[in-house]
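Dear colleague,

Please find the structure below, together with its sequence. A summary of the findings follows it.

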Amino acid sequence: MADGVADGERPQPRQPWWAGLGGIGRPVVSARVRIIGWMVGVLALALAALVFLTWEVLSARADASADDELTHEANKFRAFAASPAAASFTRPQDLLDRWLQSNLPDDSEAFFTIIDGHEFHRSQGTPPARLDTDPAFVKRLATATEPSYGWVDSAAGKVRYGVLPVRIGTQPVRAQLVVLEFRDVIARPSMDAARALAIIAAITLVLAAGACWLVTGRVLAPIRQLRATAERIGETDLRRRIEVVGNDDVAQLAGTFNTMLDRLEEAFDAQREFVDNAGHELRTPITVIRGHLELMGDDPAERAETKALVLDELARMNRMVDDLLVLAKSDRPDFLQLDEVDFTDLVVEVVAKARALGDRRWRVHTTADATYVADGQRLTQALMQLVSNAVRHTKPGDRIEVGSHLDADGSALLWVADSGPGVSPDDRERIFDRFARGGGQRRTDGAGLGLAIVRSILRAHGGDVRLAPGPGARFELTLPAAGPGGGTVEDPHR
Ligand SMILES: Nc1ncnc2c1ncn2[C@@H]1O[C@H](COP(=O)(O)OP(=O)(O)OP(=O)(O)O)[C@@H](O)[C@H]1O
Ligand SMILES: [Mg+2]
């Protein structure tokens, strides 16, 4: 490799720090963080909007009340200036002093007067901030010849001011009354309430996050257990189950998971047993072959006998391997090659082939002069397994019947019946299992795979095989109306 780094040693790309939060990596932890993130995020937005709106409304109200106060004071002064008591003053400073003496400002107010461009007197009490000592401000207001209003900043926050020029008779304006409304002082109680609201919102957010952490922890605990159990489950430890508590969604999930584990365990057990049995069955002919080859002498007759025996055992092994392959393939989707199958042809063909197996009274019984969509080769294979069993369990001269029947509803029936001893009641179900032989069967009679193959072929078609009640043995293959090809049944004579 050009860079001299082996594939396995290549450094992993670094995960961004947020990868664990978004669902990559550890899903359960990130699910918890994600849920809390969403909940706290939405709540934080809502609370922030609430605090912000409250603050804005209260600010607007404070501005409005500063304005109102100013208008009120200005009106009061105008009323005083227009009153008969004020008419006696000839100098504006006397008029203003009189007004300052008779008007005490609130805590959030202050008045001062300007005479000839300079601060003259101020109202009693201590104002929240001094603006009368600001020469630039005073100088600017002293130029006012008409009432005017504005905002100015002070050490005590925003101030709404109004300047009211005073003119006596026809004299030029040389005096002003300045009214100051300390807007931040007016707003203080409402702003304190808004601040308290913000603190309560922050505490609520923290508490909600904590509660959410606890609740999600409880809700997700079974899922964490589910994951931990799933992680621990190896092929060797399929017995573990999840504890199902309650009857909620999570409990149902755990139940479903347990059911799936049951099925998996069953499947693994069956597979293990199958492999064990297959190994065991194949080991026997190998042992037989080895034993005979080891003991084989030089005598030509003995050699010929051993050769025949070895070939026979190998043929048996070959058959067994073929059967095992059929069983292994039977779960695959390409197991069946569907085509239209003529049941009369099928049955006649099977009996023709079977005649070579033994001298029996062979009978063909068919009413199904129609076609069924199925895999003809696999059905022949199933029927051949049944007739070879029938031959094995009957004697020369016994009757063996192969038949087919097609119902009007489209379902079909194929059967193989013989006049032999039949199957003992104890074995009726068992014989369909893999490697299951009936009682009293010798090993050399067969591996016990025949009926298992028949069953898997029929199940692949959506049907099944069953053993009908005696006398003799009658194996019936049932094929459904809606078969693997959709149950298409065509009867040329109907
Ligand atoms: N026609 C029958 N009459 C009586 N018993 C039968 C008949 N067919 C099957 N059986 C019983 O069912 C058992 C299982 O049959 P199956 O075909 O699965 O295995 P097998 O014939 O023993 O071996 P293989 O088919 O693998 O050579 C047989 O061992 C036998 O006991
Ligand atoms: Mg058989």
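A nitrogen atom of ligand 1 lies 2.9 Å from a side-chain N or O atom of D418, a polar contact being a pair of N or O atoms within 3.5 Å. An oxygen atom of the ligand is 2.8 Å from a polar backbone atom of G448, and a backbone N or O atom of L449 is 2.9 Å from an oxygen atom of ligand 1. On its own, ligand 1 has 590 Å² of accessible area (Shrake-Rupley method, 1.4 Å probe), of which the protein covers 98%.

The model is predicted, and local features need pLDDT of at least 70, side-chain atom pairs pLDDT 80 or more, while totals for chains, interfaces and linings use all residues. Residues are numbered from 1 along each chain as its sequence is written, chains are lettered from A and ligands numbered from 1 in the order written, and side-chain values use heavy atoms, without hydrogens and water.

There are 6 aromatic pairs in the structure (Phe, Tyr or six-membered Trp ring centres within 6.5 Å; planes under 30 degrees apart are stacked, over 60 edge-to-face, the rest tilted). The ring centres of W99 and F111 are 5.2 Å apart with planes at 55 degrees, so this pair is tilted. W99 is buried at 1% relative accessible area (buried means under 20%, exposed over 50%, partly exposed in between; 1.4 Å probe, protein chains only). F111 is likewise buried, at 1%. F137 and Y161 form an edge-to-face pair, with centres 5.4 Å apart and planes at 90 degrees.

Yours sincerely

Conventions
Polar contact = N/O pair within 3.5 Å; in protein donor to acceptor, adjacent residues only side chain to side chain.
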